[in-house]
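Colleague: I would like a close look at one helix and its surroundings. Please take it slowly and keep to what can be computed.

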Amino acid sequence: MRAASRGDAGRPPSAQAVAARVVAAFGRNYLADTGSGSPVACVARGKRSEVVCGDRVLLLPGDPALIDSVLPRRNTLWRQDAWRSKVFAANLDLLLVVTAAEPAPHLDLVGRALIAASAEDIDAVVVINKCELEGTAALRSRLQALADCGYPLLELSARGAPARALELLHPWLSGRTSMLIGASGVGKSTLANALIPGLQAQTGELSTALGSGRHTTTSTRLWTLPGMPEGSSLLDSPGFQAFGLNQLSVTQLQHAMPELRRRNGRCRFQNCTHRQEPGCAVRDAVQAGEIDAERYALYLRVLQELLDEPRHAG
Ligand SMILES: Nc1nc2c(ncn2[C@@H]2O[C@H](COP(=O)(O)OP(=O)(O)OP(=O)(O)O)[C@@H](O)[C@H]2O)c(=O)[nH]1
Ligand SMILES: [Mg+2]
Ligand SMILES: [Zn+2]
């Protein structure tokens, strides 16, 4: 497998070690795909587990098998707030940030997921699911600022037109490891089911009383996409309600937002935080309507959070 031939684990693998990719994580218990049939159960060394879905690992045989080492990650999708940090997955090529007119969309979360992807050089698109719903036109116009930044907006209906959804997403998913992320109830698992015949991932009816989604998916899972080139896989993940970005430095944050990155170096002060400083090209652009006011407000919120709670070591 690709992971074994990379030879970058720092030391030669022991003779019986087998390369595998982690496809599910439950506490310290994992499932890993060795490329030969069904995934094998395995456990990690040590108490504090650092293994996540998408990790490439070397396994020592056993029942359960032992994760001998985790190969260096290409990237890590993670979040960090004042209380904790959480790694969603590793080694991703594409993030599909899913949203829908119902339940009421949280564009703040969409924007934050896009920042996290960009900070790790993960390609990202925005998926507007449930496109047959009346509220879709309004949602589309609220998301226009993201399209203006260069993020593709893909509209589909996972439940209403699954074949069309597959056709639309095929070129994006082909040959890549892609991850579905978004608030609970937007239809990530429904979409995974549409893309992977026979999957039958659990999906949840919206709890209409609250008008909010119900958390149906409880852990991240990586599935191989059938009928696509080798290496095409899809991760489904549980809905999230918060997305701290305190792991970023101010510079990383500014680089992870395309409309700010584009204006890098144009402010009077080199270390401008784009708040109160005179001669700020970003504030000028906001005032001129060239940068979306909502996006600028998101920048200010994230900036304030990471200045209040700078990243912890490790
Ligand atoms: N109208 C409409 N409903 C949809 C569509 N896709 C999914 N749904 C419904 O939305 C609800 C939530 O779908 P899920 O796929 O469970 O959502 P999820 O994003 O996986 O939610 P979590 O696992 O909680 O994060 C279910 O009732 C689905 O039937 C769609 O295209 N149109
Ligand atoms: Mg789900
Ligand atoms: Zn500035």
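Modeller: What follows is a walk around helix H6, then a step back to the chain.

This is a predicted model: local features need pLDDT of at least 70, side-chain atom pairs count only at pLDDT 80 or more, and totals for chains, interfaces and linings use all residues. Residues are numbered from 1 along each chain as its sequence is written, while chains are lettered from A and ligands numbered from 1 in the order in which they are written.

Helix H6 covers residues 188-195. Helices (H or I, at least four residues) and strands (E, at least two) are DSSP runs, numbered from the N terminus. Eight of the eight residues of H6 are buried, so the helix is largely enclosed by the rest of the structure. Buried means that 20 or more other C-beta atoms, placed from the backbone, lie within 10 Å of the residue's own. The buried set runs through Lys188, Ser189, Thr190, Leu191, Ala192, Asn193, Ala194 and Leu195. The cover includes H5 and the strands E8 (94-100), E9 (123-129), E11 (177-181), E12 (221-224) and E13 (233-236).

Take H5 next. Helix H5 (residues 162-173) packs on H6 at about 85°, with the axes 9 Å apart. Axes are lines fitted to C-alpha atoms over the stretch in contact, and angles run from 0 to 180 degrees between N-to-C directions. The two helices are therefore roughly perpendicular, a label for angles of 65 to 115 degrees. H5 brings Pro162, Ala165, Leu166 and Leu169 to the contact, and H6 brings Leu191, Ala194 and Leu195. Contact means C-beta atoms, placed from the backbone, within 7 Å. These residues divide into seven nonpolar, no polar and no charged. Ala, Val, Leu, Ile, Met, Phe, Trp, Tyr, Cys and Pro count as nonpolar, Asp, Glu, Lys and Arg as charged, and the others, Gly among them, as polar.

In total 26 residues surround ligand 1, and the closest are Gly187, Ser189, Thr203, Thr217 and Gly239. A shell residue has its C-beta atom, placed from the backbone, within 6 Å of the ligand. The shell divides into five nonpolar, 16 polar and five charged.

Now the chain. It has ten helices and 13 strands. Of its 314 residues, 39% count as buried.

Technical notes: Angles under 35 degrees count as roughly parallel, over 145 as roughly antiparallel, 65 to 115 as roughly perpendicular and the rest as oblique. Two residues are in contact if their C-beta atoms, placed from the backbone, lie within 7 Å. A residue is buried if 20 or more other C-beta atoms lie within 10 Å of its own, exposed if 12 or fewer, and partly exposed in between; C-beta atoms are placed from the backbone.
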